[in-house]
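Hi there,

Here is the structure I promised to pass along. Have a look at it first, and then read on for what turned up.

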Amino acid sequence: MEVILLGTGGPRPDPRRMATTTLIRLGEENILIDAGRGVMVQLNKAGVPLGSINTVFLTHHHFDHIGDLYDVMLNSWMHGRKDDLRIYGPPDTERLVNTLVTQVYDKDITWRDQGEPSFGGWKPVVATDIIPGPVLDTGRWKISAELVSHGDGLDMSPAFLARWTCLGYRFEAEGKVIAISGDTVPCPGLERLAEGADLLVQCCFLATPEIDNEHLRRLAKFTIACGDTVGKVAAKAGVKKLALTHHRPRTDDSMLNALLADVRRDYAGPVVLGEDLTRIEV
């Protein structure tokens, strides 16, 4: 079993990183977590057959995590996907996917479906809204979701927060556990999905020296975990290996080194400072 960090950046364009997207490879199966900027190009670079993607799990609906979902839908089909593309995500995922298929890319799909017979006809996309708990058990692997906190303490209306669901995932196969934090700060859901994991892929946006104004202090407290807390989370959960992703754009590596030092103050296990296309054996 292998994890590939296809993208390790965030919403802001970064010439060094694509947006946060993670691939789990289990034999011939390829399970995609999120579908951010550049996902299909990165899969191509990683040597993963594009037609072999048929299961996607979305953590939440920020554009840096779903912005290239259409590309997964279309290019997996154009490169030989034979089965339905199954997409699971928080409530509104079904509406979002159906909008892409029936209103945004409907002409493109029809044109290729009817005009390019070599594609073998449109292979459907099936979206499912999920809630925290068990999500899927194939007999070979299973995955469950936990509710995580991403911006819950910010000044947003109750009506919006009622629609705002962010998930992390716990993937289990071959006696191993891979935890995907999603975008979150420390919270009970993150603790549960990370408990005893062989690998935790954890968002880690800023090093402590970068948290130098009120806006960034609020971000580190309410929006996305940073170097001041990530090591503590991994140590408390007994994680065997930690991979850091969702980094802030930077022009040099000095703050990445500071980020690594932050985490290692609290966590003694192996740390992978994620770069795009990093491969991690589990």
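Predicted model: local features only at pLDDT ≥ 70, side-chain atom pairs only at ≥ 80, totals over all residues.

Next, a pair of helices. Two packed helices are described by the angle between their axes and the distance between the axes. For helix α3 (residues 69-78) and helix α4 (residues 93-104), the axes come within 11 Å and cross at roughly 55°. An angle of that kind is why α3 counts as oblique to α4. The crossing of α3 past α4 is right-handed.

Which residues make the contact between them? From α3 come Leu69, Tyr70 and Met73, and they meet Leu96, Val97, Leu100 and Val101 of α4. Sorted by class, this contact of α3 with α4 has seven nonpolar residues, with no polar and no charged ones.

Charged pairs do turn up elsewhere in the model: the count comes to 16 salt bridges. One of them joins arginine 163 to aspartate 92, with the closest N and O atoms 3.2 Å apart. This pair links distant parts of the chain, as the two residues are 71 residues apart. Arginine 163 sits in helix α6 (residues 158-163), while aspartate 92 is in the loop between β5 (85-89) and α4.

Happy browsing!

How values were computed
Residues numbered from 1 in each chain as written. Heavy atoms only, no water. Axes fitted to C-alpha atoms, helices over the stretch in contact; angles between N-to-C directions. Helix = DSSP H or I, 4+ residues; strand = E, 2+ residues; numbered from the N terminus. Parallel < 35°, antiparallel > 145°, perpendicular 65-115°, else oblique. Left-handed = near helix turned anticlockwise from the far one by under 90°. Contact = heavy atoms within 4.5 Å. Nonpolar A, V, L, I, M, F, W, Y, C, P; charged D, E, K, R; others polar. Salt bridge = Lys/Arg side-chain N within 4 Å of Asp/Glu carboxyl O.
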